[in-house]
Amino acid sequence: MPPRRYLDHPATSWPKPEPVIDGILHALRDVGAAAGRGIHADARRADAIRAGARAAAARIVGADDPHRVALVTGATLGLNVAIHGLVEPGWHVLATAADHNATLRPLQWLADRGMIEFDVVPCDATGRVDPDDVAKAWRPTTRMLVFSHASNVTGALQDAATLARIARERGGLSVLDASQTAGIVPLPSGASATDVVVAAGHKWLQGTEGAAVLFARAGVEPRALVQGGTGTASDDLRMPERFVDRLEAGTPDLGALAGLAAGIAWVERQGIGALADHGHRLGSACRQALATLPGVRLLGSGDAKGPPIVGFTVEGYDPADVAALLEQIAGVQARAGLHCAALIHRHLGTAGGGSVRLGFGPFNTPGDVRAVVAAVGEILGQPDSDFPDPFPIPTQVPPWQE
Ligand SMILES: Cc1ncc(COP(=O)(O)O)c(C=O)c1O
């Protein structure tokens, strides 16, 4: 079996940076307490871990007040809270064809029950949404626009600032799903910011599953979808009003919060720009080399501003078979299929079997790109000596890999 080459970062990042593992181990080994539930020494340590994660998440979403950031167990829950917790009966809501099912399914669920009306704004063949199409789809009853900052299938980045402005000027709310951008693309801030931001912690933020970020600006107040203990105002049978208490019922996953804080701090130390450059250097070399292979169809345009994702299909092959062969031949771990984002495939022309997706994370190397290209060549029956080396000159090793 060839050595493992992990290229599935848009699903979840791996390997995790050492400080993330250390942070999680510290929480598990050394802290005997549940955050927000006590005053003994370890309870204070647990509180400090949660406060550190909240502060780090606030920096990433550009929130001045960390108490407008709820730490939830996943982006899926965060998007459900944002959608179910904010919409009112009769609202018309817009989403985009480039969105993930974590957005589309809650909206469809509400629409199926006659609680809202919802329309999907199309994207182009790269996954990009034209802001003019959003403006055109806006109705007098439209009150919310939800959209993925970047497509998890092609990496295409949406013009979040313009989309947020369109919603604001029409008196609606904007909800940004930054799951594929937080940690690898700067999030819109200041006047360009959206009203709500949700981000997965285990992808480009380098944390683990179990912790995600839900920010809402002051005055945007989602109802609590989950009611329960908060460790505060326990004599009241109603959920506390305070944003983070209202949205964080139940004992938090302390290890995941420690990992999120360490992951964000690690990303900040390396620099989002440096991490993005590294990923795109590999991603664009991969695209260029794959483009030379007859039968390979690249998806998207290789948006250098989005996350470093390379999507493709191989003529005559089911994407699932391509992914299986990539692993068999070269140890390459890639994702195949619809990637929980069915609608975009209609626009990409990949609605049947979907696509193969590669994502280039901090620890990938030029060797991974060569392995992918050689393996795809082998699938197509071409000897690898025919391929131009995508890295003909000696390449730099990024500092975090040294
Ligand atoms: C764009 C996007 N939104 C939301 C999600 C949901 O994240 P999670 O499964 O971690 O809740 C994902 C994860 O695949 C995603 O790619």
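Biologist: In what order do the 7 strands of the open sheet stand, and what is the pairing?

Modeller: This is a predicted model, in which local features need pLDDT of at least 70, side-chain atom pairs count only at pLDDT 80 or more, and totals for chains, interfaces and linings use all residues. Residues are numbered from 1 along each chain as its sequence is written. Strands (E, at least two residues) and helices (H or I, at least four) are DSSP runs numbered from the N terminus, and two strands pair if DSSP finds at least two bridges between them. Here the order is β2-β8-β7-β6-β5-β3-β4, with mixed pairing. β2 (69-72) and β4 (117-121) each have a single partner strand and stand at the edges, so one side of each lacks a neighbour in the sheet.

Biologist: To which strand is β2 joined, and by how many bridges?

Modeller: β2 runs antiparallel to β8 (residues 212-216), and 4 bridges join them; L71 stands opposite V213 in β8. Helix α2 (residues 41-61) packs on the sheet, where it touches β2, β7 (196-200) and β8, and its direction makes about 115° with that of β2. For such angles, axes are lines fitted to C-alpha atoms, for helices over the stretch in contact, and the angles run from 0 to 180 degrees between N-to-C directions; contact between two residues requires C-beta atoms, placed from the backbone, within 7 Å.

Biologist: Which way do the residues of β10 point, and are they buried or exposed?

Modeller: In a regular strand the side chains alternate between the two faces of the sheet. In β10 (residues 309-314), 6 of 6 residues are buried, with I309, G311 and T313 pointing one way and V310, F312 and V314 the other. A residue is buried if 20 or more other C-beta atoms, placed from the backbone, lie within 10 Å of its own, exposed if 12 or fewer, and partly exposed in between.

Biologist: Which strands pair with β10?

Modeller: Strand β9 (residues 296-299) is joined to β10 by 4 bridges and runs antiparallel to it, R297 having T313 as its bridge partner. β13 (residues 355-359) also pairs with β10 in the antiparallel sense over 4 bridges, and there G359 is the bridge partner of I309.

Biologist: Why does A265 count as partly exposed?

Modeller: A265, in helix α8 (residues 254-270), counts as partly exposed because it has 18 C-beta neighbours inside 10 Å. A265 and A57 are 208 residues apart in sequence, yet their C-alpha atoms are 9.7 Å apart in space.
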